[in-house]
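Let's take a walk through this structure together. Keep the sequence and the 3D view handy as you read.

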Amino acid sequence: MTYHPKSDFMRVMIERGFLADCTDYQGLDEALVKGVVPAYIGFDATAKSLHVGSLIQIMMLRWLQKTGHKPLVLMGGGTTKVGDPSFRAEERPLLTPAQIDDNIAGIKQVFSAYVTFGDGASDALMLNNAEWLDALNYLDFLRDIGRHFSVNRMLSFESVKSRLDREQSLSFLEFNYMILQAYDFLELNRRYGCLLQMGGSDQWGNIVNGIDLTRRVLDREIYGLTSHLLTTSDGKKMGKSQSGAVWLNPDMFSPYEFWQYWRNTTDADVGRFLKLYTELPIAECDRLGALGGSEINAAKIVLANEVTKLAHGAEAAAAAEATAREVFEKGGVGDDLPTLRVSAEEAAEGLGIVQLFVRAGLAASGKDAKRLIQEGGARLNDEPVTDAGLRLGASHLAEPLKLTAGRKRHALVVMD
């Protein structure tokens, strides 16, 4: 990347490693220097929370606002009814309008930690594309908007091509998604003067469609910018932990588990993740990322603290670190570990150790838990578990039990 930007936002995107591609580097850079640029990223409401796979986009919106521009957080209340087919092997399950509204309410909680909403020039707005998509008349839409799209061109987009190449069905419903997303950009430009759409590099085709449509219908110049689709250095997709998705809402994934996810980052990813997911100066990210041996663990704690601070606040980050220290350094149980609550009735009947490991999220299945026990990776109150048939009753649960899988994953079992 040889382009030398004049605007603070483009400089941050390039220096910190966000930028994958841009439709017009110079044109966008000049617009960013000239005045406040409203820019949007769309988020479909397929769950009650976003997970860390969306964090790179959320950080882009945060940096946009920090450099003086206006983030438009677009909730896909309308497009979620269709489902984005990009790089998916099968159609998304369809949600009811009530489920979608419920999910949007949950997702709203995430954003208030990262951007400031309000009526000021660079204050963020949260919008919902159902506002204009729900009211569309199909025949008018086909005549006014559909005529600008070439099916030949749509078939050439990688997200569609990869599906068809594998001979997997692509419904007409899903094929419409890219037209609706393009229409979103047109409407946001018309209503809010939006000049930029951002997204992951898998959204490139959809973004270009919106730019082309807006140019044809409104004769206006707008821009697209994509970030890299992030994987960890061992090739895994961001957003998953051993116990499932790493949600950003604290009621779906505790701040301690969130902190622990970042603390367990692979050595090779530390410097890169510090640049993308924290606001530490570049030089400090490079210094911490270059540490070797056991020193890299200190850098991982900095990473975990900084990311947790942004998502859940300084207090939650400090509590998570204190719990981790209690667990790892002193062998205690801490106050903030993921907790499995069992009823007194269940305890009276007896609970199998295998079942507890699965329910506590420390094993994916009974088979996984048994293998963990056989390989010596399971501990109960810091003592190795050797018998997969072990059953625990009410007397065992009079005090909280600490379960451990491997060296770093812990949970408490508490009887209500």
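**Strands side by side**

Strand S1 (residues 19-22) pairs with S6 in the antiparallel sense, over three bridges. Two strands count as paired if DSSP finds at least two bridges between them, and strands (E, at least two residues) and helices (H or I, at least four) are DSSP runs numbered from the N terminus. Before going on, note that this is a predicted model: local features need pLDDT of at least 70, side-chain atom pairs count only at pLDDT 80 or more, and totals for chains, interfaces and linings use all residues. Residues are numbered from 1 along each chain as its sequence is written, and side-chain values use heavy atoms, leaving out hydrogens and water.

Look at leucine 225 in S6: cysteine 22 has it as bridge partner, and so does methionine 198. Strand S5 (residues 196-200) runs parallel to S6, joined to it by five bridges. To get from S5 to S6, the chain passes through helix H11 (residues 204-218), a right-handed β-α-β crossover (with the strands pointing away from you, the path from the first strand over the helix to the second runs clockwise).

Leucine 139 counts as exposed because its relative accessibility is 63%.

Note on methods:
Buried means under 20% relative accessible area, exposed over 50%, partly exposed in between (1.4 Å probe, protein chains only).
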